[in-house]
Amino acid sequence: MRPPPGCTLTPKNTYLLLLKTLYGIQCSPCHWYEKAKKILEELGLTQCPNSPCLFHSILIEEEPLIYAGVYVDDIAYYSLSDTVEKKFKEGMGEKVSAIEPI
């Protein structure tokens, strides 16, 4: 990546090596999706074969399904059970706070 114009910290005609994904660069959405998919699968959700941005699972036996959708840089989820939604939210909280930067 080229340094921003006017940057005095780098010599002229040099490039910077990125060690993680930055918001707004071309590969960011792909890296975000792969990280989100990995987390959802670790929580036990299954990807829908016809729509790769939708996931579903039974998190608690005898309770309704949870549905999650990945869109751009958001994850939306829904279940008929507040208990299932709470468990999903707690699981996501544990996974997201423990992840390394992309």
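This report walks through the fold, the side-chain pairs and the surface of one predicted protein model.

## About the model

Because this is a predicted model, local features need pLDDT of at least 70 and side-chain atom pairs count only at pLDDT 80 or more, while totals for chains, interfaces and linings use all residues. Residues are numbered from 1 along each chain as its sequence is written, and side-chain values use heavy atoms, with hydrogens and water left out.

## Overall fold

Let's start with the layout. The protein has two helices and four strands, and from the N terminus on they follow the order α-β-β-β-β-α. Helices (H or I, at least four residues) and strands (E, at least two) are DSSP runs, numbered from the N terminus.

Of the 102 residues in the protein, 22% are buried. Here buried means under 20% relative accessible area, exposed means over 50%, and partly exposed is in between (1.4 Å probe, protein chains only). The accessible surface of the protein comes to about 7,800 Å², and carbon and sulfur atoms hold 58% of that area. Accessible areas come from the Shrake-Rupley method with a 1.4 Å probe; for residues, only the protein chains shown count as cover. Among the contacts in the protein with a separation of 6 or more, 30% are between residues 24 or more positions apart; a contact means heavy atoms within 4.5 Å.

Not counting residues up to four places away in sequence, Y33 touches Q47, P52, C53, F55 and V70. Y33 and D73 are 40 residues apart in sequence, yet 8.0 Å apart in space, C-alpha to C-alpha.

S57 belongs to strand β2 (residues 54-57) and is buried too, with a relative accessible area of 9%. Leaving aside neighbours within four places in sequence, S57 is in contact with G44, L45, L65 and I66.

## An aromatic pair

Rings of Phe, Tyr and Trp (its six-membered ring) pair if their centres lie within 6.5 Å; planes under 30 degrees apart count as stacked, over 60 as edge-to-face and the rest as tilted. By this rule the count comes to one aromatic pair. Its members are Y77 and F88, in a tilted arrangement with 4.8 Å centre to centre and 50° between the planes. Y77 is in strand β4 (residues 74-79) and F88 in helix α2 (residues 82-98), so the pair ties together parts that are 11 residues apart in sequence.

## Charges and cysteines

Side chains of opposite charge can pair when their charged atoms come close. A salt bridge is a side-chain nitrogen of Lys or Arg within 4 Å of a carboxyl oxygen of Asp or Glu, and the structure holds one. The side chains of E42 and K95 form this bridge, at 3.3 Å from N to O. E42 lies in helix α1 and K95 in helix α2, so the pair ties together parts that are 53 residues apart in sequence. E42 is partly exposed at 42% relative accessibility, and K95 is partly exposed at 27%.

The structure holds zero disulfides, a disulfide being a pair of cysteine sulfur atoms within 2.5 Å. C30 is partly exposed, with a relative accessible area of 48%, and C53 is partly exposed at 34%.

## Surface and backbone details

M1, L16 and L18 make a nonpolar surface patch of about 240 Å². Patches are made of residues with over 30% relative accessible area and no salt bridge: like charges are joined within 9 Å, nonpolar side chains (Val, Leu, Ile, Met, Phe, Trp, Tyr) within 5 Å. L18 lies in the segment before α1 (28-42) and is partly exposed, with a relative accessible area of 35%.

N13 has a positive phi of about 60° although it is not a glycine. This asparagine is placed in the segment before α1 and counts as exposed at 72% relative accessibility. E62, also not a glycine, has a positive phi of about 65°; E62 lies in the loop between β2 and β3 (66-71) and is exposed, with a relative accessible area of 79%.
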